[in-house]
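The sequence and structure are shown first.

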Amino acid sequence: MGERVTTPQPVSAGGLLDLIRSGRANTRAALQRATGLSRSTVGQRLDLLNRAGWLRHTTGASTGGRPSERIVFDSAHASVLAVDLETRHARAAVLDLTGTILAEHTGPLDITEGPDHVLDHVTRWFPDLIAAAGADASRVCGVGLSVPGPVDWEVGRVVEPPIMPGWDRYPIRERLQDAYARHVGASLEGGPVPVLVDNDANLMALAEQQANHRDCCAFVLVKVSTGIGAGVVVDGHVYRGIDGGAGDIGHIRVHDRADALCMCGSYGCLAAVASGRALAKELSGAAGNAASGSDVRRLLAEGHPDAIRLAREAGRRVGEVLVTVVTLLNPGVLMLAGDLSGVPFMTGVRELLYQRAMPRTTANLQIVTSRLGDHAGLIGAATTVVDHLYSPERADARLAGILSAQSGRP
């Protein structure tokens, strides 16, 4: 019996949009070549996208003949709200569909006060943010939320987060949708506003990789703040593992600190000896009231000698774990981010990596620090929303709903 032959499915309007957004095809002729569709079929698909308001047409440079029409994704036809929750404060922003921040607000907010208080509080910022961005509330297409804990991506719930008491398996998506409806109003296409939730290190890694290391097919970001976590991007996609637990390196046990109690309840975790919270505990007597990674960040900026010494030691601790990470994943870029990611910490990481890892593993490895800084989580959260809503299958479903509403059909 011969091999089963499958017939390629025709490229849908959503598929054309994917080609346009990625820059792989931005003229009618290029779309025909990339898909094998006829000129008339490409025209019909583009008409659907134009009617939804998702495309913009410009005139390309002339090469002597008639200037070609370029077709690009209209990043201004809608906007996204993004929220980045830290342990003691939160950021929220309105962004366009390319990840450009249009308006931003940062305020104190204690994540230990629980999801009801925190989610309602940040949602109250939304109306003023939308007004400050000059955006239309009815054109907000989704909300992205970054949280400092492991997330089950499919259901949008935090799972056993060590530094988020009261959040375990809480229905974040549904609660945020309810708060949005109360404080902002209806969503762009009716029904609950789409809400996507992910771990902060994942979202930071996605934003940094797409913004500055797009050619890197294996990218690792390590965030060291109040806790420690890693985000992994492979071939342009976040690797989350089977249930969102990938990258939770802060709870790998270190060999010589079995006495160190971690926030997760175990002893000897990396986060218990090398996180911002751990360093703040050691510095609290010598440097005043240091309680979190942000306090350690301040002391490092002030040149406090004990903070510098401890940050370098923490870098060596984290570097010891990263030897295994880079050996397993063989990334092209290892990015350090978060409150401790300055020169002392990076120096400690480098010392251990180059001392313990095989030369083959580090020969083509770049060890760098964050370029997007405090905006990485916001940009990553917005990027995730846009990538989800304008993916081919999701775009086709949304197009059907939009065009049905335009025609007045139920």
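Which element gives the largest share of the lining of the second largest pocket? That share, four residues, comes from H9.

1. Basis of the note. The model is predicted: local features need pLDDT of at least 70, side-chain atom pairs count only at pLDDT 80 or more, and totals for chains, interfaces and linings use all residues. Residues are numbered from 1 along each chain as its sequence is written, and side-chain values use heavy atoms, with hydrogens and water left out.

2. Second largest pocket. Its lining has 38 residues, with Ile163, Thr226, Gly227, Ile228 and Ala271 nearest the centre. (A pocket is an open set of points on a 1 Å grid over the protein atoms alone, where a 1.4 Å probe fits, with protein on both sides within 12 Å along at least five of seven lines; lining residues have an atom within 4 Å of a point.) At least two lining residues come from each of H7, strand E11 (228-234), helix H8 (270-274) and helix H9 (276-283). (Helices, H or I of at least four residues, and strands, E of at least two, are DSSP runs numbered from the N terminus.)

3. Largest pocket. Here 36 residues form the lining, and Arg21, Gln210, Gly236, Thr383 and Asp387 lie nearest the centre. Helix H14 (376-389) is among the elements that each supply at least two lining residues, as are helix H1 (13-22) and helix H7 (200-212). H14 gives the most, with seven residues.
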